[in-house]
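Please read them beside the sequence and the coordinates.

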Amino acid sequence: MSSSSAASGISPIADAAPLSLCAREPYVPADRLVAEMVPPPRFDSVRFATYLPDPNQPSQTEAVGVLESFAAGLGGAHAAGSGRRGFLGLGRAPKTRTPAGPRGVYLDGGYGVGKTHLLASLWHATPAEPALKAFGTFVELTNLVGALGFQQTVQTLSGHRLLCIDEFELDDPGDTVLVSTLLGKLVDAGVALAATSNTLPGKLGEGRFASVDFLREIQGLSAHFRSLRIDGDDYRHRGLPQAPAPFTDEQVTKAAYATEGASLDDFPHLLAHLAKVHPSRYGALTDGLTAVCLTDVQPIPDQSTALRLVVLADRLYDREVPVLASGLPFDRLFSEEMLNGGYRKKYFRAISRLTALARDAKGLVETA
């Protein structure tokens, strides 16, 4: 028995002691960032046919029809020339005139109405090989620019038929200019765009910074998209029981030792560790995990820490990793000031996703 298990009084049931997120500092090469721009595992098998529109929300059915037509229209040669361009833009085909009008669709709606399901379905339905399609969150896209540099990112993505951007958010003026310029160049290169967000394009940046100073960039970005509003309730809460209450430290620890491939970390220590790992590596941080077990969940102390946790929650949700926790319930992680501030959409999304993962983790205690 390890010294940690002996000290805790827990007899390990799994072959080894739990893993620790705090012990991981993954390195992710730039080529992996590009290669992994595909729908996350949770959305590997989704298709338009598996999306179940709410009969009381006609906008959901309408969105499916629009996206199916959009995907069908992306067949044939790339708008700026046919043929695959090499990695990092080598061997680019000659550019031709791109079609006039919007080159993308923008899915706007609340939490849990199936926007990511529809976006991933569009990616799967687009008649092009996977190497000609890219799918990533807004954060992953900005991280790609950070890893490759702006010009290299433009060259790398400009050979694609489609770029899907999930959870499109503009958190600061720098990102406004960066993404607006990047997407403008990609549209000029003939790349079709699709995005999801909780905010219409013309409202991006509202409540976060003086958007009037960047109105030109925001309006220019909006012009690239046809906006589709998707109404509905959060499917994660439709007909489902309330999220389970937090468990005790002993229950969480016992479950971690009983679950092969689980991690076990003290929540405050994990928050401190996230500050040392770039958010672009949070996906790699969770590689191989079957569950995340956290003890002593406490209120988030500041906004920077909160935003890092949002990214981790997204990566865990994408990978369907259950989260078992003791301490504070997940709906009390963020202060009222945070929930009423400019990043409130991110925080509500994190609460929704962590709550869903907490439900998934309930069985770990029952079988420990």
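1. Terms and basis. Buried means under 20% relative accessible area, exposed over 50%, and partly exposed in between, with a 1.4 Å probe and protein chains only. The model is predicted: local features need pLDDT of at least 70, side-chain atom pairs count only at pLDDT 80 or more, and totals for chains, interfaces and linings use all residues. Residues are numbered from 1 along each chain as its sequence is written, and side-chain values use heavy atoms, with hydrogens and water left out.

2. Overall make-up. The chain has 14 helices and eight strands. These are DSSP runs numbered from the N terminus (helices H or I, at least four residues; strands E, at least two). Of its 368 residues, 52% count as buried. Take the contacts between residues at least 6 apart in sequence: 86% of them join residues at least 24 apart. Contact here means heavy atoms within 4.5 Å.

3. H3 against H4. Helix H3 (residues 58-72) packs on helix H4 (residues 115-125) at an angle of about 25°, with the axes 9 Å apart. Axes are lines fitted to C-alpha atoms, for helices over the stretch in contact, and angles run from 0 to 180 degrees between N-to-C directions. H3 and H4 are therefore roughly parallel. The classes are: under 35 degrees roughly parallel, over 145 roughly antiparallel, 65 to 115 roughly perpendicular, and the rest oblique. The crossing of H3 and H4 is right-handed. A crossing is right-handed if the near helix is turned clockwise from the far one by less than a right angle, and left-handed if anticlockwise. H3 brings Ala63, Val64, Leu67, Phe70 and Ala71 to the contact, and H4 brings Leu118, Leu122 and Ala125. The count is eight nonpolar, no polar and no charged. For these classes, Ala, Val, Leu, Ile, Met, Phe, Trp, Tyr, Cys and Pro are nonpolar, Asp, Glu, Lys and Arg are charged, and the others, Gly among them, are polar.

4. Pro127 lies in the loop between H4 and strand E2 (133-137). Its relative accessibility is 43%, so Pro127 counts as partly exposed. What does Pro127 contact beyond its neighbours within four places in sequence? The partners are Ala71, Leu74, Gly75 and Arg161. The C-alpha atoms of Pro127 and Ala72 are 7.1 Å apart, across 55 residues of chain.

5. H5 against H6. Helix H5 (residues 138-148) and H6 pack at about 115°, with their axes 7 Å apart. Their crossing is right-handed. Leu141, Leu144, Val145 and Leu148 of H5 meet Phe150, Gln152, Thr153, Thr156 and Leu157 of H6. This contact divides into six nonpolar, three polar and no charged residues.

6. The buried face of H6. In helix H6 (residues 150-157), the buried residues are Thr153, Val154, Thr156 and Leu157. Viewed down the axis of H6, they fall within an arc of 165°, so they line one face of the helix. The arc is that of the directions from the helix axis to the C-beta atoms. An α-helix has 3.6 residues a turn, so residues three or four places apart point the same way.

7. H12 against H14. Helix H12 (residues 303-318) and helix H14 (residues 344-367) pack at about 45°, with their axes 9 Å apart. That makes H12 oblique to H14. The crossing is left-handed. Residues in the contact include Leu307, Val310 and Asp314 of H12, and Arg349, Arg353 and Leu357 of H14. The contact of H12 with H14 divides into 11 nonpolar, one polar and five charged residues.

8. Two positive phi values to check. Glu167 is not a glycine, yet has a positive phi of about 55°. Glu167 sits in the loop between strand E3 (162-166) and helix H7 (173-188). Glu320, also a residue other than glycine, has a positive phi near 55°. Glu320 is in the loop between H12 and strand E8 (323-327). Which of the burial classes does each fall in? Glu167 is buried, at 9% relative accessible area, whereas Glu320 is partly exposed at 43%.

9. Tyr257 and Ala17. Tyr257 belongs to helix H9 (residues 249-258). Tyr257 counts as buried, at 4% relative accessibility. The C-alpha atoms of Tyr257 and Ala17 are separated by 6.0 Å, though 240 residues apart along the chain.
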